[in-house]
Amino acid sequence: MDFKETLRDEKSQDFKDLSDKVSRDLYKVYVVLYPVGFVRVLVRRFRPGSVIPEVDLEFKANSTTTSNPDIVRALYTSVNGSGNVGDLVLDKTSIKSDTADVNTLPPLSIVTEFLLIDGFTPGLSSSISAESIQLNDKINNWLKPILETYYGQTMVNSAFANFSNSDNWIQTKVEYQFSTPIIVNPSKIIDGILASTSPVRYVRGTLKVNENQAQFQMFPFSLRILNKDFSDGLSNRGSTEFKELSTQVTTSIKKLFGNEKGFSEVYVMKLTKGSVVASTEVTFSPGSTSPSRVSQILLNGIPSQETEGLKIDPTSINPPVPSTPRPFPGFAVAIIVLCGLAILIIPILIIVALKTGLFKKLAQAFSLRSPDYYDF
């Protein structure tokens, strides 16, 4: 686009037309990445060379802080394929936001977090232990190829996972850094991780990428197992006893929900006394089912769970299956309708009777008189 002198005058039609187009096309870029905090685009002025817009991006004061490098990456990513934003043909290498430009961007950090369903051991507290190194390699061999599908082989340095104790399960956090001007929506990365085959068992609902959490609908339930005796080992999520019984529970429950639309996973979060009470979480994709539906499936599946070696107390299913309301009797409906009609008709009949003297005639007809009274 060639620069016109009229673009220096914000009151000119050329300025207004180009300003509207720049504002509209840039708004579409940033409102997708920042749907809550982003407000609008304000064009301050145009400079020659060919045409250089100077633009303010306005965010809500209490919104998540957006960095200048992220602003550059967002626009660069938008024009990376076609070179266009709407009808505007941009030189993507010229994008700047304050001191941040395409050629001087700091490494992009991708922080991934999730909870591993494995017992935490003291060796995982040290990054140089054999346990820690082995688990780290397993996680990197899984996650690194997924991230490289979005960012290419631009990793800056080797990532090492941090492991911590979360009630005897393993809380995992690993940060990757890429030298790239491209930014990818975290939800897209989350979808890629969830769709992959994991070499480790993890709670899918705890997966986060840059503080954006995987979206699942969690249904917590308590189940009392009558044919199991509680032992101290069952209170430790890292113990062999907990692993064996929780695996038995989750395997049997998975069979009940295998054909349910949106079903994801079952987890035993803890085991407590009485005989053994299993606190479970059944996870579904958002909006795919309801608590009453999950309760009903669990209740209907009690006989099949007994064949799996688990005798479940049906009264322990908590939350319970809501009772089905009894249908209203048909004869009661008929009575109500007839009574309603009577209430409407009787006042009309009374008014008609008063108007026509019907009550007086009826009184005479039914009065007791001697035969001599009547004139035949």
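Which residues does Ser50 touch, not counting residues up to four places away in sequence? Ser50 touches Met1 and Phe3, where contact means heavy atoms within 4.5 Å.

## Basis of the model

This is a predicted model, in which local features need pLDDT of at least 70 and side-chain atom pairs count only at pLDDT 80 or more, while totals for chains, interfaces and linings use all residues. Residues are numbered from 1 along each chain as its sequence is written, and side-chain values use heavy atoms, with hydrogens and water left out.

Helices (H or I, at least four residues) and strands (E, at least two) are DSSP runs, numbered from the N terminus.

Ser50 sits in the loop between E1 and E2. Ser50 counts as partly exposed because its relative accessible area is 48%; buried means under 20%, exposed over 50%, and partly exposed in between (1.4 Å probe, protein chains only). Met1 is 49 residues from Ser50 along the chain, yet their C-alpha atoms are separated by 6.0 Å.

## The largest pocket

A pocket is an open set of points on a 1 Å grid over the protein atoms alone, where a 1.4 Å probe fits and protein lies on both sides within 12 Å along at least five of seven lines; lining residues have an atom within 4 Å of a point. Grid points are joined across faces, edges and corners, and a volume is the space filled by probe spheres set on the points.

The largest pocket has a volume of about 1,100 Å³. It is lined by 32 residues, and those closest to its centre are Ile52, Pro53, Glu54, Ser94 and Lys96. At least two lining residues come from each of helix H1 (13-33), strand E1 (38-48), strand E2 (51-59), helix H2 (68-79), strand E4 (88-89) and strand E5 (96-97). E2 gives the most, with seven residues. By class, this lining has 17 nonpolar, seven polar and eight charged residues. Here Ala, Val, Leu, Ile, Met, Phe, Trp, Tyr, Cys and Pro count as nonpolar, Asp, Glu, Lys and Arg as charged, and the others, Gly among them, as polar.

## The second largest pocket

The second largest pocket has a volume of about 790 Å³. Of its 31 lining residues, Leu33, Tyr34, Asp70, Pro186 and Asn212 are the closest to the centre. H1, H2, strand E7 (108-116) and helix H4 (186-195) each give two or more residues to this lining. The lining divides into 17 nonpolar, eleven polar and three charged residues.

## Helix packing

H1 and H2 pack at an angle of about 115 degrees, with their axes 10 Å apart. Axes are lines fitted to C-alpha atoms, for helices over the stretch in contact, and angles run from 0 to 180 degrees between N-to-C directions. On the H1 side the contact is made by Leu26, Val29, Tyr30 and Leu33, and on the H2 side by Ile71, Ala74, Leu75 and Ser78. Seven of the residues in this contact are nonpolar, one is polar and none is charged.

In H4, the buried residues are Pro186, Ile189, Ile190, Gly192, Ile193 and Leu194. The buried residues of H4 pack against E7, helix H3 (130-151), strand E10 (202-209) and strand E11 (212-213).

Thr283 lies in strand E14 and counts as buried because its relative accessible area is 1%. Leaving aside neighbours within four places in sequence, Thr283 is in contact with Gln217, Met218, Gly262, Phe263, Ser264, Glu265 and Tyr267. Thr289 is in the loop between strand E14 (276-284) and helix H6 (291-300). At 17% relative accessibility, Thr289 also counts as buried. With neighbours within four places again left aside, Thr289 is in contact with Gln217, Phe219, Phe284 and Val294.

Lys254 is in helix H5 (residues 240-257) and is partly exposed, with a relative accessible area of 35%. Not counting residues up to four places away in sequence, Lys254 touches Phe263, Glu265 and Val266.

## Asn103

Asn103 lies in the loop between strand E6 (100-101) and E7. Asn103 counts as exposed because its relative accessibility is 67%. Thr93 is ten residues from Asn103 along the chain, and their C-alpha atoms are separated by 7.7 Å.
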